[in-house]
Amino acid sequence: MLISDRSDRSDLVDILRPFGDVATVMTSDIPDSPAGICGVVVEMDLRNAINVQQVRDRILGKAYQSMPRLFVLNEALHHCAMQAWALGATDTIVRPFDARGLQQRIRSAFPNTPEDDATAKGRALSKGVAAANLVLAKIFERLPLGIPLTFDDVMQAEAQILKAIKRSSLREWLQMVGRHHNASYRHCLSVTGYAVAFAQHMGMRDADQRRLTRAALLHDVGKAFIPVAILDKPAALTDEERAVMRTHPQRGYDSLAAQGSFPPEMLDVVLHHHEYLDGSGYPHGLAGDAISDIVRIITIVDIHSALTENRPYRAPFTPAKAFATMEAMTDQLDKHLLQAFRPVALGM
Ligand SMILES: [Fe+2]
Ligand SMILES: [Fe+2]
């Protein structure tokens with residue numbers, strides 16, 4: 001469904017056509033119930049108080065609660081983006097954009113598109129990816145605007161993510177998240193997949209699987225504060241840029257610590273996931289026992305995921321090459337945990 005306050009025919013109708021039938025409604029005509037609708041795209045003047053009220057009355061209601069909502073912003077104004085998030089946006093995109101860019105956004109925000117598997121397994125997978133994607137949108141889109149992330153935001157997604165990987169597989173999760181348009185989202189989504197699969201492989205109890213899920217989703221929260229020119233640079237970083245990038249653990253820690261609701265364990269993961277057991281990591285050069293088990297696990301899945309991801313400046317490592325690279329990091333990673341991770345890494 002396209003909610004539009006334009007008097008002419010929106011160009012979005014044609015862009016959205018490949019996803020199925022597009023029902024266009026004015027802000028005053030939004031139906032009470034979204035029966036038969038798989039997602040909502042909103043294109044409106046977010047400074048028009050009457051229209052904003054009409055949209056708020058409908059799409060913040062219970063009937064629309066689980067529906068993906070993509071807001072198309074006409075300009076990158078801070079208060080328009082804030083308004084979109086306040087109206088329950090699950091993602092935003094700013095004009096001008098090309099049709100393909102918007103279509104990629106739709107596929108990430110609404111993974112349950114006709115090309116995807118319509119079985120119960122496929123639906124669980126789509127829901128899990130959408131839930132994880134929403135947390136990452138809150139991290140990468142809202143945090144830089146000054147809207148705090150809450151611990152509750154993260155916990156809401158856990159059950160659906162665990163169910164998605166339990167019902168389908170790590171391979172299917174990675175295939176779906178590998179199509180995401182944004183490299184930072186792609187990375188956090190695949191780290192989350194590896195963390196969940198590792199937790200399930202080790203037979204961890206449900207509460208521990210949840211702890212690992214949330215740690216993986218959150219580990220790179222500080223990247224939300226790194227300039228996009230560095231974060232998405234299509235080449236290797238210079239020394240100066242790398243120094244900026246290496247501030248992300250501290251910046252993420254500062255942001256979550258200031259928020260107040262995150263347990264110490266999550267702050268530990270965010271701050272220390274680049275530390276190595278031999279003291280050669282950053283930011284604090286911690287060594288040995290100073291590095292907790294949950295941090296050791298996230299470090300392993302983080303590195304494996306990064307090595308096997310596609311980067312613009314190098315080909316992805318095969319799982320075997322990535323695992324061999326990690327085995328060569330003898331004093332840096334926890335040997336026992338790394339061996340326990342082998343079947344998950346090589347099972348891909
Ligand atoms: Fe990181
Ligand atoms: Fe990472």
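1. Basis. The model is predicted, so local features need pLDDT of at least 70 and side-chain atom pairs count only at pLDDT 80 or more, while totals for chains, interfaces and linings use all residues. Residues are numbered from 1 along each chain as its sequence is written, and chains are lettered from A and ligands numbered from 1 in the order in which they are written.

2. Overall form. The protein has 16 helices and 5 strands; these are DSSP runs numbered from the N terminus, helices being H or I with at least four residues and strands E with at least two. The C-alpha trace spans about 65 × 40 × 35 Å along its principal axes.

3. Domains. Domain 1 covers 2-109 and domain 2 covers 120-346, with bounds from an automatic or database domain assignment. Their centres, taken over C-alpha atoms, are 30 Å apart. Domain 1 brings 13 residues to the contact and domain 2 brings 11 (contact: C-beta atoms, placed from the backbone, within 7 Å). On the side of domain 1, H3, E5 and helix H4 (99-109) each give two or more residues, and H4 gives the most, with 5.

4. Sheet. The 5 strands form an open sheet in the order E2-E1-E3-E4-E5, with parallel pairing; two strands pair if DSSP finds at least two bridges between them. Strands E2 (24-25) and E5 (91-94) are at the edges with a single partner strand each, so one side of each has no neighbour in the sheet. Helix H3 (residues 78-86) packs on the sheet and touches strand E4 (69-73) and E5, its direction making about 165 degrees with that of E4 (axes are lines fitted to C-alpha atoms, for helices over the stretch in contact, and angles run from 0 to 180 degrees between N-to-C directions). Strand E1 (residues 2-4) pairs with E2 over 2 bridges, and leucine 2 stands opposite threonine 24 in E2.

5. A loop residue. Glutamine 65 lies in the loop between helix H2 (49-59) and E4. Glutamine 65 counts as exposed because it has 10 C-beta neighbours inside 10 Å (exposed: 12 or fewer other C-beta atoms within 10 Å; buried: 20 or more; partly exposed: in between; C-beta atoms placed from the backbone). Glycine 88 is 23 residues from glutamine 65 in sequence and 8.7 Å away in space, C-alpha to C-alpha.

Note on methods. Two residues are in contact if their C-beta atoms, placed from the backbone, lie within 7 Å.
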